[in-house]
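This briefing covers strand pairing, salt bridges, domains and nonpolar cores. Please keep the sequence and the 3D view at hand while reading.

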Amino acid sequence: MTTFAHPREAFPLLPHSERTPQSNEGPSGSTTRPWILRFARVPDSTQAIEKPAAVYDEGSQMSVGLYDGPLPYMTTHSPTVPDGNMTNPPPLDEGPKD
Amino acid sequence: MPTILVIAARDDWPTDRVVNVLTNRGVRVFRMDTADFPQQAILAGRIGTRRGWSGRLANSHRAVELSDIEAVYFRAPHQFRLTDGMSKAEQRFAAAQARAGFGGVISALDARWVNHPAAMTRAEYKPIQLATARECGLTIPPTLVTNDPDAVRAFAEDTPGPIICKPVASPVFIEGNELKTVYTRRLSPHDLVDLRGIDTTAHLFQAWIEKAYEVRLTIAGDRLLAAEVHARSARGHEDWRSDYGSLIYHRTDTPADVAEGVHRLMGRLDLRFAALDFVVSPSGAWTFLEANPCGQWDWIQGATGLPIAEAIADELQGVPT
């Protein structure tokens with residue numbers, strides 16, 4: 001049986017309010033910056049998906065649109081592409097991290 | 001009354017699709033986000049020698065008896081939202097108590113899990129995935145994890161063709177108020193001249209596998225739902241996440257030997273859902289790259305019609321496949 005050092009590791013949760021922590025700090029120096037980050041880039045915003053406005057409905061336990069039309073999940077088959085907009089962070093394919 | 005507990009972020013719309021399938025089938029669903037606890041959700045769990053965990057989990061709209069929970073869909077919920085006014089020390093204390101208490105009781109439920117959080121956490125580690133995949137008979141790329149520049153040079157020399165680097169953990173971060181990501185990169189000799197910064201943390205390098213296309217293999221229970229991913233651009237060919245617009249998808253079948261290895265892998269990792277990435281060579285050989293225990297799947301269903309939400313619902317309901 002696997003033993004975990006801390007319950008945080010055994011019950012993974014997303015960060016409290018945002019999937020990716022905010023930072024206004026820029027890159028550090030070449031001897032302190034992780035090498036792989038020299039290949040980091042701002043994703044292609046031309047492929048970003050605009051998600052329709054929606055609210056969570058406690059009755060159906062699903063999101064519903066603010067206007068008439070199909071349920072929001074029916075309108076969004078496309079993956080959300082990271083576009084540099086911090087209000088539109090991408091889903092993390094790697095799952096919850098903290 | 002038998003109930004399926006769904007623990008997910010409220011704005012996770014693919015989860016809506018699963019909830020909708022279950023609801024249409026007449027299944028009772030109790031959905032919550034862990035952020036609801038402790039302010040909007042109440043847990044009162046009891047256990048004794050004669051009976052396992054029982055009691056009540058409730059929010060302002062519905063309640064469920066813990067012993068009625070037959071299955072749990074656990075998908076990237078948020079952290080607990082605590083009462084305003086706590087000091088930082090109180091917040092840390094309360095969050096740890098919530099995690100071990102709420103998380104502990106939920107984790108202890110004797111239910112069908114998709115996926116159990118502890119299994120998912122363990123399976124997130126790429127080195128564990130690779131080791132397990134290898135032991136299960138899947139082909140994997142030669143891989144190096146290191147913070148040693150000399151080891152990188154040696155790996156590049158030992159590898160007949162090009163090598164790639166990719167993050168070992170999440171590729172996304174915000175820097176200078178700008179969202180950035182790191183895709184898989186096929187390295188040129190020039191890239192390897194200056195290795196300053198390798199020693200700052202762990203880095204992952206792999207042999208580049210020549211490919212005709214890739215496969216996103218989504219597994220739900222025992223069902224394998226495979227989609228070919230064809231990239232029509234150079235950057236999409238290197239990492240398809242970098243150019244979704246260039247991609248086309250086709251349903252495909254999983255070769256029998258790969259399927260057997262995948263079933264063994266899922267069993268060893270104790271997962272009932274995962275999105276696996278494979279490279280398929282021009283000769284048709286499949287090479288395992290990684291497993292995403294909480295991987296995205298909705299766009300694959302949209303592009304191919306593969307019934308992934310239905311397969312997840314089947315697994316939660318215990319429908320034999």
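Glu175(B) has Glu178(B) in S11(B) as its bridge partner. The strands involved are S10 (residues 172–175) and S11 (residues 178–181) of chain B, which pair in the antiparallel sense over four bridges. The model is predicted, and the points below are grouped by topic.

**The S10–S11 hairpin of chain B**
- S10(B) and S11(B) form a hairpin with two residues between them.
- In the turn, Gly176(B) has a positive phi of about 60 degrees.
- A salt bridge joins the side chains of Glu175(B) and Lys180(B), at 2.7 Å from N to O.
- Glu175(B) is buried, with a relative accessible area of 8%.
- Lys180(B) is also buried, with a relative accessible area of 15%; the cut-off for buried is under 20%.
- Arg33(A) is linked with Glu175(B) and Lys180(B) in a network of salt bridges, which brings a residue of chain A into contact with this pair of chain B.

**Other salt bridges**
- Over all chains, a search of the whole structure finds 23 salt bridges.
- One of them is between the side chains of Asp16(B) and Arg31(B), at 2.6 Å from N to O.
- Asp16(B) is buried, at a relative accessible area of 0%, and Arg31(B) is buried at 2%.
- Asp222(B) and Arg272(B) also meet through their side chains in a salt bridge, at 3.5 Å from N to O.
- This pair links distant parts of the chain, 50 residues apart: Asp222(B) sits in the loop between strand S14 (213–220) and strand S15 (223–231) of chain B, and Arg272(B) in the loop between helix H7 (256–269) and strand S17 (273–280) of chain B.
- Both count as partly exposed, Asp222(B) at 43% relative accessibility and Arg272(B) at 29%.

**Domains of chain B**
- Chain B is divided into domain 1 (3–114), domain 2 (143–207) and domain 3 (210–305).
- Between domain 1 and domain 2 of chain B, the C-alpha centres lie 39 Å apart.

**Nonpolar cores**
- In soluble globular proteins, nonpolar side chains tend to be buried together.
- The largest nonpolar core here has 32 residues; among those with the most contacts inside it are Val18(B), Leu22(B), Trp297(B) and Ile308(B).
- Several elements of chain B each supply at least two residues of this core, including strand S1 (3–8), H1, strand S6 (69–75), strand S16 (247–252) and helix H8 (298–304).
- Helix H9(B) gives the largest share of this core, six residues.
- At least three residues of this core come from each of domain 1 (3–114) and domain 3 (210–305) of chain B.
- Tyr73(B) is another of the residues with the most contacts inside the largest core. Leaving aside residues up to four places away in sequence, Tyr73(B) touches residues including Leu5(B), Ile7(B), Val18(B), Val114(B), Trp297(B), Ile312(B) and Leu316(B).
- A second, separate core has 28 residues, including Phe37(B), Leu66(B), Phe102(B) and Leu109(B).

How values were computed
Residues numbered from 1 in each chain as written. Chains lettered and ligands numbered in written order. Predicted model: local features only at pLDDT ≥ 70, side-chain atom pairs only at ≥ 80, totals over all residues. Heavy atoms only, no water. Salt bridge = Lys/Arg side-chain N within 4 Å of Asp/Glu carboxyl O. Buried < 20%, exposed > 50% of the residue type's maximum accessible area, 1.4 Å probe, protein only. Pairing = 2+ DSSP bridges. Domains from an automatic or database assignment. Core = buried A, V, L, I, M, F, W, Y, C linked by side-chain atoms within 4.5 Å. Contact = heavy atoms within 4.5 Å.
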